[in-house]
Amino acid sequence: MSSSAMVTANQLIIMAELKLFRTWSSCFCLRVVWALDLKGIQYDTIFEDLSNKSSLLLQYNPVYKKVPVLVHNGKPLLESLVILEYIDEIWKQTPLLPEDPSERATARFWAKFGDDKVLPSIWNAFIKQGKDQEEAIVTAQENLGCVERQLTGKKFFNGETIGLVDLAFGWLANLLSVFEEVCGVTLIDHEKFPLLLEWIQNFADAPIIKESWPPRDKLITRYQAFHEVYTSKEAPK
Amino acid sequence: MAKNDVKLLGVWASPFVMRARISLNIKSVNYEFLEETVGSKSELLLQSNPVHKKVPVLIHGDKPICESLVIVQYIDEVWTSSPSILSADHYDRAIQRFWAAYLDDKWFPAMRRIRGAQGEERQELVDQVVEGLALLEEAFGKYSKGKAFFGGDQIGFIDIAFGSLLGWLRVTEKVGEVKLLDEAKTPGLVKWADCFCADAAVKSVMPDTEKLIEFSKFLMAKMKGAPPPKN
C-alpha cells in the first residue's frame, strides 16, 4: 500500500506529465495500471477504442499500433513489461523487481515465460475444439505446472509482496475463470494447482489490485463473442 | 573471477548463444564455453534449464540464468565496471528493451519462416521483414547519432540483439535467393552490419555464413528424416 507521505517537489516534476493509453479490458494495460497505482503515482488515462484508434496512439506506437502506451513528459513507452521496468526504475517506492541480479533475471525469465508460453497456450485451449482442444489443454496445464512450482513456500511470486511476475501473471486472476466459464472447461483445479488457486485469491483480493478489475459480466460478453468467432471458423474434429 | 566460475552452455550456430558470448566479451569476462552436441541435450543443460531445455544457459557460480536477453541484462548488471551494454538513461533503456523484444517477438520469427514458406505466404513474410528493416534503419539513424552502432561509439543492447541475427539473415538471403538487407533501402544498416561483424567482441563468435548454410541444410535433412516432434 502506498504511503501517504508528502509528495516532494521532485516527485511533482517527475509526475508532471504522465498519460496512459489503455482499453477497459486489456490485461496488458492492467499491468501498467497496477504498477502505477501500487506506487501511488498520479496519471491521466486515455481510453482507446481499438476499432477506431486515435491519431495520438498511432503517432506514439507506429510499430504495433497497440495499447498500453505510457507517455512520460511527451515520450512514449511501449510494451507492458518494458513499461513496468521503466516505472520501477524511475519510481523507487514499492519495488517490483528485487535488487539482486540473479533474482531479477529469474523474475524476467518467468514474466517472459508467462507471455511467450502460458498465455498463448491458454488462449489456444480457449479457441480450439475437440481433439485440438484436448491437446491444447495438456500443453496449457504443463505450462501452468511450471508456474505452480514457482509458488512453493511463497504468497506471491515476489515473496511477501506483489512484484513484476505477479503483475505479469495478473490476468490469471480474472481472465482465466472467464475463459473457463465461456468454453466450459476447467483448466486449474484444486488437486493439481492448489498454490496457483491460492495465489489467484491473494492477488485478486490485494489492496489496489481489487479496485481495478474490469467488470466480469462485460468480460464474459466480450470473450463469448471471441469464442463464437473462433469456433465457427473451425469445424469440430 | 576464476574462469570456471562462469560457464556458458551453447552451440556455435545459435544467434541467442552469440548474444551471451558477445556480452561476456565486451565485459572481458573469462568463461568456459560448454558446447552442446547437436541432437542431444547434456544432463547439465536439462538440470539448469528444465523449463525450456535450450541454450544459452549462463551458469554463474551455481546459478543458472536462461533466455538470451535476460542473460545479457544479467551480465550488464553484474559486471558493472566495464563498458555498459544498456544505457544509463532510463528512457533509452526502455527503447533498447522495446527494440530487442520487437526483434525476438516479431522480426526474427518472420525471417526464419521465409525459407520454409512458398508463394503468397512467402511474399508476405519477406514484406514484413523488409518493413521491419526500414523501421530499424530509422531507429538506427535516431539512436546512433552518426556513430557506428545503435549504442553509439560502442556496441549496445540493440546491436547485440540484432547483430546476432545477421548470420541467419545472410543464410536466408543466400538459400532463399532473396535480398533482405539492401544497401539502396537501408544503407545505414548495411554499414552498421559491417562494423558490428568487425568488432573485437563479435568477430571470434560470429559464425561463417557458408558453415551456417551447411548446418541449416543438415538441420532441414534431419527434420525431414526425423520422427514427428513431441513438443
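I started with the charges of chain B, a chain of this predicted model, and found that its 30 positive and 31 negative charges have mean positions 3 Å apart. I then looked up the charges of chain A, where there are 25 positive and 31 negative side chains, with the centres of the two sets 5 Å apart.

Next I turned to the secondary structure of chain B, which consists of 10 helices and 4 strands, and I noted their order along the sequence as β-α-β-α-β-β-α-α-α-α-α-α-α-α. The radius of gyration of chain B is 18 Å, close to the 17 Å that the globule rule gives for 231 residues, so I wrote down that chain B is as compact as a globular protein of that length. Along the principal axes, the C-alpha atoms of chain B fill a box of roughly 50 × 50 × 25 Å.

For chain A I also found 10 helices and 4 strands, which run from the N terminus as α-β-α-β-α-β-β-α-α-α-α-α-α-α. With a radius of gyration of 19 Å, close to the 18 Å from the globule rule for 237 residues, chain A is therefore as compact as a globular protein of that length.

Conventions. Residues are numbered from 1 along each chain as its sequence is written. Chains are lettered from A and ligands numbered from 1 in the order in which they are written. This is a predicted model: local features need pLDDT of at least 70, side-chain atom pairs count only at pLDDT 80 or more; totals for chains, interfaces and linings use all residues. Side-chain values use heavy atoms; hydrogens and water are left out. Helices (H or I, at least four residues) and strands (E, at least two) are DSSP runs, numbered from the N terminus. The radius of gyration is taken over C-alpha atoms; the globule rule is 2.2 Å times the number of residues to the power 0.38. Lys and Arg count as positive and Asp and Glu as negative; His and the chain ends are not counted. The place of a charge is taken as NZ of Lys, CZ of Arg, CG of Asp or CD of Glu.
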